[in-house]
Amino acid sequence: MRPETLESTKRAVNYTPYHPRWYRPRVSVYWWLGEWHYLKFILRELSSVFVAVTVIETLMLIRALRSGPDAYARFLECMRNPWVVLLNVVSLFFVLFHTITWFNLAPSAMPVRMAGKRVPDALVAAPSYVAWLVISVFVAWLVLR
Amino acid sequence: MAKQSDEAFFWVLFSAGGVVAALLIPIHLFLFGLAIPLGVVHAPDYEQLLALLRMPLVRIYLFVLCTLPLFHWAHRFRFTLYDGLKVKHLNEIIFVLCYGGALVGSIVAAYLLWNVP
């Protein structure tokens, strides 16, 4: 081909560099049932639902206290309903699960170094547990004395 | 500068709510959800609880106890729906239902705790 023809041919075609399509495998909606630690992750996230359940029960208690002693007695009766007891037992499990997983994540979220060496995870998580115990005892004392 | 995402704001609420929930929710649930109704411990009488509820410090404490864990739930549940059920295409309605729900709960808490007769 003559050089002029070659040049005009090159200008006529717009070349782009070759790039393959990104590989995006389709993920099933049930991916989290595949492995135990996936399920554990989802259960940990769902613990937030039971935290919200506790908040709602607390709001109901406050409303009952504002309404009078009969309302308070009715609230306690409601809490004695077997289905509510079951809900609260399940909620307690999940709420404790939240607390334990939350405290145990602290050393990973904020690695503590002293004198160049990494402080052991248990030592970083321990103060949270101590604070939890102290606060819980204080609240129980305040309510039950 | 590139447009900043608002995610950090909601994440802070999630984080603060998570701490409050971890420290305080278990004892409250144990006491008022199980131990007192089922008679494991003696039920505090009404007057004593009402006296506690009247204290401003207690009402502020209860407001924090109710609102921050609700926003913790909102954020966590929103992302559980995105990742768990893969419904990111519904993100606007999920956003409104989650944070809106937490906001409604916060308003109810403020209304109940504003003053106690």
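User: What do the angles between helix axes run from and to, and what is the angle between α4(A) and α1(B) in this predicted model?
Analyst: Axes are lines fitted to C-alpha atoms, for helices over the stretch in contact, and angles run from 0 to 180 degrees between N-to-C directions. In this predicted model, α4(A) packs against helix α1 (residues 7–35) of chain B with the axes 9 Å apart. The angle between α4(A) and α1(B) is about 155°.

User: Are α4(A) and α1(B) roughly parallel or roughly antiparallel?
Analyst: Angles over 145 degrees count as roughly antiparallel. α4(A) and α1(B) pack at about 155°. The two helices are therefore roughly antiparallel.

User: Is the crossing of α4(A) and α1(B) left-handed or right-handed, and how do the residues of their contact divide?
Analyst: The crossing of α4(A) past α1(B) is left-handed. Among the residues that meet are A:Leu92, A:Trp102 and A:Phe103 from α4(A), and B:Ile25, B:Leu29 and B:Phe30 from α1(B). The contact of α4(A) with α1(B) divides into 12 nonpolar, 6 polar and no charged residues.

User: Which helix gives the most to the side of chain A that touches chain B?
Analyst: The contact between the chains takes 43 residues from chain A and 45 residues from chain B. On the side of chain A, α2 (36–67), α3 (69–80), α4 (82–109) and α5 (121–144) each supply at least two residues. The one that gives the most, with 17 residues, is α2(A).

User: How many residues on the side of chain A that touches chain B are nonpolar, polar and charged?
Analyst: This side of chain A consists of 43 residues. They divide into 30 nonpolar, 8 polar and 5 charged.

User: Why is chain B more spread out than a compact globule?
Analyst: Chain B has 4 helices and 0 strands, in the order α-α-α-α along the sequence. For 117 residues the globule rule gives 13 Å, and chain B is well over that, so it is more spread out than a compact globule. Its C-alpha trace spans about 55 × 30 × 20 Å along the principal axes. The radius of gyration of chain B is 18 Å.

User: Does A:Ala115 count as buried or exposed?
Analyst: A:Ala115 lies in the loop between β1 (113–114) and β2 (117–118) of chain A. Its phi is positive, about 50°, although it is not a glycine. With 5 C-beta neighbours inside 10 Å, A:Ala115 counts as exposed.

User: Where does B:Lys86 lie, and what does it count as?
Analyst: B:Lys86 lies in the loop between α3 (56–84) and α4 (91–113) of chain B. Phi of B:Lys86 is positive, near 55°, in a residue other than glycine. With 15 C-beta neighbours inside 10 Å, B:Lys86 counts as partly exposed.

Terms used
Residues are numbered from 1 along each chain as its sequence is written. Chains are lettered from A and ligands numbered from 1 in the order in which they are written. This is a predicted model: local features need pLDDT of at least 70, side-chain atom pairs count only at pLDDT 80 or more; totals for chains, interfaces and linings use all residues. The radius of gyration is taken over C-alpha atoms; the globule rule is 2.2 Å times the number of residues to the power 0.38. Two residues are in contact if their C-beta atoms, placed from the backbone, lie within 7 Å. Ala, Val, Leu, Ile, Met, Phe, Trp, Tyr, Cys and Pro count as nonpolar, Asp, Glu, Lys and Arg as charged, and the others, Gly among them, as polar. Angles under 35 degrees count as roughly parallel, over 145 as roughly antiparallel, 65 to 115 as roughly perpendicular and the rest as oblique. A crossing is left-handed if the near helix is turned anticlockwise from the far one by less than a right angle, and right-handed if clockwise. A residue is buried if 20 or more other C-beta atoms lie within 10 Å of its own, exposed if 12 or fewer, and partly exposed in between; C-beta atoms are placed from the backbone.
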